[in-house]
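Subject: Structure for your review

Dear colleague,

Please find below the structure that I am handing over to you. My notes on what was found in it follow directly after.

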Amino acid sequence: MVKKSTPLERASRMLDLVPFIHSHQGISIDELAAEFKIERKELLEDLQALWMCGETKFDYMDLDFESDYVFIRNADTLKAIRTLATAERISLIIGLTLIESDTSNQDIRSEITELRNRLGKDFESQVAATPSISGINIPLIEDAIKSRRILEFSYYSPSNDAKTIRKVDPLFCKLENGVQYLVAHCHSSAAQRTFRLDRMENLVLLDEIATAKEAIADEKPHLQVLLRLHNNLRKNREALGADVIQKKDSLQVQLFSESWLMRTVLAGLGGIELLEPIELRESIHKRARLIRAHYR
Amino acid sequence: MSFHVGEDQQRVLTVSRKSERLVSLTIALLATKRFLTKKEIFDSIEGYEGEVDAKERMFERDKEDLRTLGITIEVGSFDPLFEDEAGYRIRIDDYQLEISNLTPRQLGLISLASKAWQDSALDGTSLSALVKLKSLGVESDLDGLPEISPRLVAMDPNVARIVDAISSRHVISFSYIQEDFQQKVRAIEPYGTGTKNGYWYVAGRDLDKNEVRVFRLDRIHGDISYQGKGSSYSIPEDFRMQPLLSSKAKLHKALLEIRRGKAISLVARAEEVVDGDEWIRVVLPYNEIDDLASDVLWYLDDVRIIEPVAARDRVIEALDELIQRHG
């Protein structure tokens, strides 16, 4: 909301304000600003500018917003609703497709199909969207945070190869490196934990009140290792994630979990070599020999 | 009243002057019954200043800007006697939304769909789509809709650029990280886009290979650039994005031994499961042996490959290499 609009964005918005006000006569400035997701001040500037445009010889548009409620008259030209641009249609089609994935309700699904057709039959074949986070989870999580209630869910941790049931006091959601997380106080760990939204399943919002104190500062990954890649460069590099610093001929990676590191190096099929710390090098060596022994 | 207008204020004035000029131009071109000449436009709309050249360049940019907003300007002849006197107008049929009614529930669905982009790449785009549809005067009704809040993560500005390129049929080029982790410039006619497993993709005709290829956006280095003019190609009738993002059918089968309770995601992908005491046996479909070996070794000593021999050998080879490297 703080970002300043470009002239094009502003022109687009001014054009769209007219038909909107026309069908919402008497709407308050604050409500109108909320609908267009801009600050009150910016809306007033837009209305002022619109008013001046309405003073041309081509269209006498009468815009009234002195009383903090907005009215418009004689906007014969601009009151027509502007057609949707292709990008707008595509954005809605993608959103509708996500909703469709999360519901088995046939009524809703056929309603969505009809809406997609109306937005543009052609565009439907040009887009594809499957949600990574179930749309059912979001309202539950938001509700839990807002009403300070305990959330229960099953959580899969690939690093530990374990699926466990968790009960947590949700604190807040955050987005990091393109991944959505829930930061919460976990009852079984009796500590603050960060959970990936796309690994949470079977969420249940309990009636119990969450009692966790304010969130403590985020734990920084405490383990620092040095690695070298020998082959399958893109695949292995991507497996290491985002917290990677390129050194001269090695990679420095920050991590939380030794278990994750062990599995990643093994899954690298020899293309990832752990250089430091030495103890972990030995652990990997030992583990590889252990697994190798099974294949005699 | 101060005579000195600060630089910041100058910029604000320029910004507001341009947006006002664009709106005034739209009003003029919509309201007119006949075509308007450039001269008439320059004379009656505030904001066209300077020499004729400057005004004409400004007008050319404005027309392009309106086109970007999805507004089609009709060019016609003003006077049959003066054939080179071009005239401009906007037809209401081209300008106006073709959707004239929506049910409250439909608007409710649109509203949810638009929320999916909250704080993401097409946030502004989906919002402007929503306010236009709300202008139909229908009240959004979320009653009877399932408690679903779709959420997209699309922080990459390239997502918006790709949607724009597909919309305007612009060739795009970008630096792509290849399998050997080297970067190569690729150019495509973008046909479609999609998201799966949290990743964003663009598909289009690769100008080099002359066939449709799919690219993952997080492998694009830097910004996508537009090449040449818009409307420079057409999208084949039979193009479908969905199948390009679907998992390929798995052609081979492997026999694995998995420790009870472990490797749940492998067991979930298995075709057959035979129970046992400490170990269960599963038949797992796969395509590439390397991918299978990787998947299996992730589970350390909790998973073993029994068949095929080629896959077993690959795992043994990998383990030997690991042992040697970390010796």
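The contact between the two chains draws on 105 residues of chain A and 124 residues of chain B. Please bear in mind throughout that this is a predicted model. Together, chain A and chain B bury about 10,300 Å², and carbon and sulfur atoms account for 64% of that area. On the side of chain A, Arg234(A), Leu269(A) and Tyr295(A) provide 8% of the area that this chain buries against chain B, more than any other three residues.

Counting residue pairs in polar contact between chain A and chain B, with both residues at pLDDT 80 or more, gives 42. Helix H4 of chain A, residues 86-101, contributes twelve residues to the side of chain A that touches chain B, which is the largest share. By residue class, that side of chain A consists of 51 nonpolar, 26 polar and 28 charged residues.

The two chains are also linked through strand pairing. Strand E4 of chain A (residues 127-129) runs parallel to strand E5 of chain B (residues 183-196), and three bridges join the two. Within this pairing, Ala129(A) is placed opposite Thr195(B) of E5(B).

I turn next to the sheets within chain A. One is an open sheet of five strands, in the order E8-E7-E6-E5-E9, with antiparallel pairing. Its edges are formed by strand E8 (191-196) and strand E9 (200-209) of chain A; each has a single partner strand, so one side of each is left without a neighbour in the sheet. On average, and with direction ignored, neighbouring strands of this sheet are turned by 45° against each other.

Inside the five-stranded sheet, strand E6 (residues 162-176) and strand E7 (residues 179-186) of chain A run antiparallel and are joined by eight bridges. Leu175(A) stands opposite Gln180(A), which belongs to E7(A). Helix H6 of chain A (residues 137-147) packs on this sheet and touches strand E5 (149-157), E6, E7 and E9 of chain A, its direction making about 25° with that of E9(A). The loop between E6 and E7 of chain A contains Asn177(A). Although Asn177(A) is not a glycine, its phi is positive, at about 50°.

A further open sheet in chain A has three strands in the order E1-E3-E2, again with antiparallel pairing. Here strand E1 (27-28) and strand E2 (62-64) of chain A are the edge strands, each pairing on one side only. Two bridges connect E1(A) with strand E3 of chain A (residues 69-73), and these strands run antiparallel. Ser28(A) has Tyr69(A) of E3(A) opposite. Helix H1 of chain A (residues 7-22) packs on this sheet, where E1, E2 and E3 of chain A are touched; the direction of the helix makes about 95° with that of E3(A).

Over all chains, a search of the whole structure gives 54 salt bridges. One is formed by the side chains of Arg13(A) and Glu42(A), at 3.2 Å from N to O. Arg13(A) belongs to helix H1 of chain A and Glu42(A) to helix H3 (residues 40-53) of chain A, so this pair ties together parts that are 29 residues apart in sequence.

Finally, two peptide bonds deserve a mention. In chain A, Glu276(A) and Pro277(A) are joined by a cis peptide bond, with omega about 0°. Pro277(A) is located in the loop between strand E13 (272-276) and helix H9 (278-293) of chain A. In chain B, the peptide bond from Glu307(B) to Pro308(B) is likewise cis, and its omega is near 0°. Pro308(B) sits in the loop between strand E12 (303-307) and helix H11 (309-325) of chain B.

With kind regards

Note on methods. Residues are numbered from 1 along each chain as its sequence is written. Chains are lettered from A and ligands numbered from 1 in the order in which they are written. This is a predicted model: local features need pLDDT of at least 70, side-chain atom pairs count only at pLDDT 80 or more; totals for chains, interfaces and linings use all residues. Side-chain values use heavy atoms; hydrogens and water are left out. Two strands pair if DSSP finds at least two bridges between them. Helices (H or I, at least four residues) and strands (E, at least two) are DSSP runs, numbered from the N terminus. Contact means heavy atoms within 4.5 Å. Axes are lines fitted to C-alpha atoms, for helices over the stretch in contact, and angles run from 0 to 180 degrees between N-to-C directions. Buried area is the accessible area (1.4 Å probe) that two parts lose on being put together, summed over both. A polar contact is a pair of N or O atoms within 3.5 Å; within protein, one must be able to donate a hydrogen and the other to accept it, and residues adjacent in sequence count only if both atoms are side-chain atoms. Ala, Val, Leu, Ile, Met, Phe, Trp, Tyr, Cys and Pro count as nonpolar, Asp, Glu, Lys and Arg as charged, and the others, Gly among them, as polar. A salt bridge is a side-chain nitrogen of Lys or Arg within 4 Å of a carboxyl oxygen of Asp or Glu.
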